[in-house]
Amino acid sequence: MTKKKPLVVVTRRLPDAIETRMAELFDVRLNHDDIPMRPAELVEAVKTADVLVPTITDVIDSAILAQAGPQLKLIANFGNGVDHIDVHQALARGITVTNTPGVLTEDTADMTMALILAVARRVAEGARVIPEDAWPGWSPTWMLGRRITGKRLGIVGMGRIGQALARRARAFGLSIHYHNRRRVPEAIENGLEATYWESLDQMLARMDIISVNCPHTPATYHLLSARRLQLMKPSAIIVNTARGEIIDETALARMLETNQLAGAGLDVFESEPSVNPRLLRLARSHKVVLLPHLGSATIEGRHDMGEKVILNIRTFMDGHRPPDRVLPSML
């Protein structure tokens with residue numbers, strides 16, 4: 001007898017090659033319109049699916065999970081962060097949660113470095129000048145940015161992405177500093193020529209550039225609070241390619257408006273896809289660079305994510321522990 005294929009519900013449109021492979025392997029329900037599911041649709045999905053494949057746009061909280069049918073045994077997240085999933089509640093209900101770690105490291109580090117350069121050298125502002133026919137011609141004092149070589153970069157979160165950023169930043173002549181929940185092994189620290197700061201406050205006060213690269217957890221919500229942001233030098237810039245909730249956006253906007261910070265580059269926001277109106281005004285006045293969550297947006301990265309999702313589902317359905325299982329102790 002042919003083994004019955006698991007019903008896999010995918011909440012957003014994925015690359016064609018990934019959807020085609022899923023259709024070959026599973027009884028799959030795809031979202032061809034790519035419109036985010038409403039809560040009622042998510043409830044219907046967890047009631048019927050054997051496997052749910054959500055993304056960051058889907059909030060799988062305790063209320064949704066309370067409606068899950070007994071057949072739902074795996075949530076195979078398409079993405080690394082799982083702060084949109086109540087992992088504790090899922091595990092309490094016997095539902096395994098997986099993610100797609102590692103495959104987005106280089107892409108996100110590339111985008112972080114690009115934001116550092118864009119803010120320091122006013123790249124986004126400059127890119128608008130010629131199309132808007134506003135270039136007066138070259139001048140020794142026009143649109144001056146800041147050199148990054150020789151500056152100090154403070155990395156908040158020295159995981160895979162933080163380390164990948166450090167490798168890039170060293171090539172640009174930046175001095176590497178970091179704060180992390182745990183100090184990284186000595187070999188890694190020496191290889192990156194990185195200085196560890198046990199005190200985040202002390203590091204913030206001394207850096208020229210701050211990059212946020214830690215995950216969003218209850219412990220990191222508004223980790224960069226109004227008080228901590230005020231520790232930074234007025235000449236400093238800050239970039240965030242991690243999660244918007246880690247920075248107090250209102251406090252950040254206020255400091256940029258009053259020139260207490262030199263600039264910011266943000267690829268993530270507290271209430272995505274909504275963006276704080278104050279940040280939008282600052283972007284229009286060229287005091288901040290805003291990107292629409294492009295950190296992991298490469299063709300190669302999306303395919304790698306999809307392959308990891310498929311591997312996690314197949315491994316789980318074969319009765320084995322999936323390679324990317326998420327446990328509460330990891331959060």
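In UniProt, an unreviewed entry lists residues 9-326 as "domain: D-isomer specific 2-hydroxyacid dehydrogenase catalytic". UniProt positions follow the numbering used here, feature names are shortened, and annotations may be inferred rather than shown by experiment.

What you're looking at is a predicted model, where local features need pLDDT of at least 70, side-chain atom pairs count only at pLDDT 80 or more, and totals for chains, interfaces and linings use all residues. Residues are numbered from 1 along each chain as its sequence is written, and side-chain values use heavy atoms, with hydrogens and water left out.

Residues 9-326 are 37% helix and 13% strand, and the end C-alpha atoms lie 20 Å apart. For residues 113-295, it's 33% helix and 15% strand, with the end C-alpha atoms 10 Å apart. (Helices, H or I of at least four residues, and strands, E of at least two, are DSSP runs numbered from the N terminus.)

## The five-strand sheet

Let's start with the sheet that has 5 strands: it is open, its pairing is parallel, and the order is β2-β1-β3-β4-β5. Strands count as paired if DSSP finds at least two bridges between them. β2 (27-29) and β5 (96-98) are the edge strands with a single partner each, so one side of each has no neighbour in the sheet.

Zoom in on β1 (residues 7-10) and β3 (residues 51-53): they run parallel, joined by 3 bridges. Here Val8 sits opposite Val51 in β3.

## The seven-strand sheet

Another open sheet has 7 strands with parallel pairing, in the order β8-β7-β6-β9-β10-β11-β12. Its edges are β8 (194-196) and β12 (288-290); each has a single partner strand, so one side of each is left without a neighbour in the sheet.

Inside this sheet, β6 (residues 152-156) pairs with β7 (residues 175-179) in the parallel sense over 5 bridges. In β7, His179 is the bridge partner of Val156.

## A helix pair

Now for α1 (residues 16-25) and α13 (residues 299-317): they pack at an angle of about 15°, with axes 9 Å apart. That makes α1 roughly parallel to α13 (angles under 35 degrees count as roughly parallel). Axes are lines fitted to C-alpha atoms, for helices over the stretch in contact, and angles run from 0 to 180 degrees between N-to-C directions.

Methods: Angles under 35 degrees count as roughly parallel, over 145 as roughly antiparallel, 65 to 115 as roughly perpendicular and the rest as oblique.
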